[in-house]
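I opened this entry to keep track of what I looked up, one topic at a time.

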Amino acid sequence: MAMASKLLRAVILGPPGSGKGTVCQRIAQNFGLQHLSSGHFLRENIKANTEIGDMAKQYIGKGLLVPDHVITRLMMSELENRRDQHWLLDGFPRTLVQAEALDRICDLDLVITLNIPFETLKDRLSRRWIHPPSGRVYNLDFNPPHVHGVDDITGEPLVQQEDDKPEAVAARLRQYKDVAKPVIELYKSRGVLHQFSGTETNKIWPYVYTLFSNKIAPIQSKEAY
């Protein structure tokens, strides 16, 4: 029972445009981990007009980052409901305060961070179009919409976010680095941090797959196809 009874607790860190969403999907599909995205839960709570959703909405409406205490409360209640599942956190913890809150409820097994060159991120983000109501993201290079400028599922228009425009990208990446640095240092000092560098998600993926395979059995072996 030793291996099976241990639930895997993993976190993925990476700047906007790092391919984090794609890597999360692949980890979830291959290893059966629940992909827990703070952005997804925020949207769900805002849509459902929950107390946390309403608090978050006030900040977002003013163009401010949702503060630590709101995000932490949101994520703690989500994690509370998933005590008996393997999970992968995405978008949380983003700050040291959030990381310390997470520490109080669990020990992480794996933290992966994606290091992607600035030029690559800038190019990727400028090719990124979003369907705001669902949070669906399209990239004109890797996963373009079937019809240019239109969401595949609803047929509604796609938009390019202001902060995906080149001059905003530089500021976002600087901000990400400042905030993420102490979080990365914390996990490095614990010996749970694994860094992956490169410009292509498909080249990074085999290394991520191997890392997870050492901790948890894949749902289906490669031969299953």
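How far is the sulfur of Cys106 from the closest cysteine sulfur, and in which residue does that sulfur lie? I found it in Cys24, 16 Å from the sulfur of Cys106, which is too far for a bond, given that a disulfide needs the two sulfur atoms within 2.5 Å. I note here that the model is a predicted one.

I then searched the whole structure and found zero disulfides. Cys24 is accordingly in no disulfide, with the sulfur of Cys106 as its nearest cysteine sulfur. I also looked up the accessibility of both residues: Cys24 is buried, with a relative accessible area of 0%, and Cys106 counts as buried too, at 12% relative accessibility.

Next I turned to helix packing, starting with H4 (residues 51–61) and H5 (residues 68–80), whose axes are 10 Å apart and meet at an angle of about 150 degrees. That angle makes H4 roughly antiparallel to H5, because the cut-off for this class is over 145 degrees. I recorded the crossing of H4 and H5 as left-handed. On the H4 side, Glu51, Ile52, Met55, Ala56 and Tyr59 make the contact, and they meet His69, Val70, Arg73 and Leu74 of H5. Sorted by class, the contact of H4 with H5 has six nonpolar residues, one polar and two charged.

I took H7 (residues 118–126) and H8 (residues 166–190) as the second pair; they pack with axes 10 Å apart, at an angle of about 130 degrees. H7 is therefore oblique to H8. The crossing of H7 and H8 is right-handed. From H7, I listed Phe118, Leu121, Lys122 and Leu125, which meet Val169, Ala170, Arg172 and Leu173 in H8. The contact of H7 with H8 comprises six nonpolar and two charged residues, with no polar ones.

Last, I went through the backbone, bearing in mind that most peptide bonds are trans and that most residues other than glycine have a negative phi. The peptide bond from Phe92 to Pro93 is cis, with omega near -5 degrees, and I placed Pro93 in the loop between strand S3 (87–90) and helix H6 (96–103).

Where does Asn49 lie? I located Asn49 in the loop between helix H3 (38–47) and H4. Phi of Asn49 is near 55 degrees, a positive value in a residue other than glycine, and at 47% relative accessibility Asn49 counts as partly exposed.

Notes. Residues numbered from 1 in each chain as written. Predicted model: local features only at pLDDT ≥ 70, side-chain atom pairs only at ≥ 80, totals over all residues. Heavy atoms only, no water. Axes fitted to C-alpha atoms, helices over the stretch in contact; angles between N-to-C directions. Helix = DSSP H or I, 4+ residues; strand = E, 2+ residues; numbered from the N terminus. Parallel < 35°, antiparallel > 145°, perpendicular 65-115°, else oblique. Left-handed = near helix turned anticlockwise from the far one by under 90°. Contact = heavy atoms within 4.5 Å. Nonpolar A, V, L, I, M, F, W, Y, C, P; charged D, E, K, R; others polar. Buried < 20%, exposed > 50% of the residue type's maximum accessible area, 1.4 Å probe, protein only.
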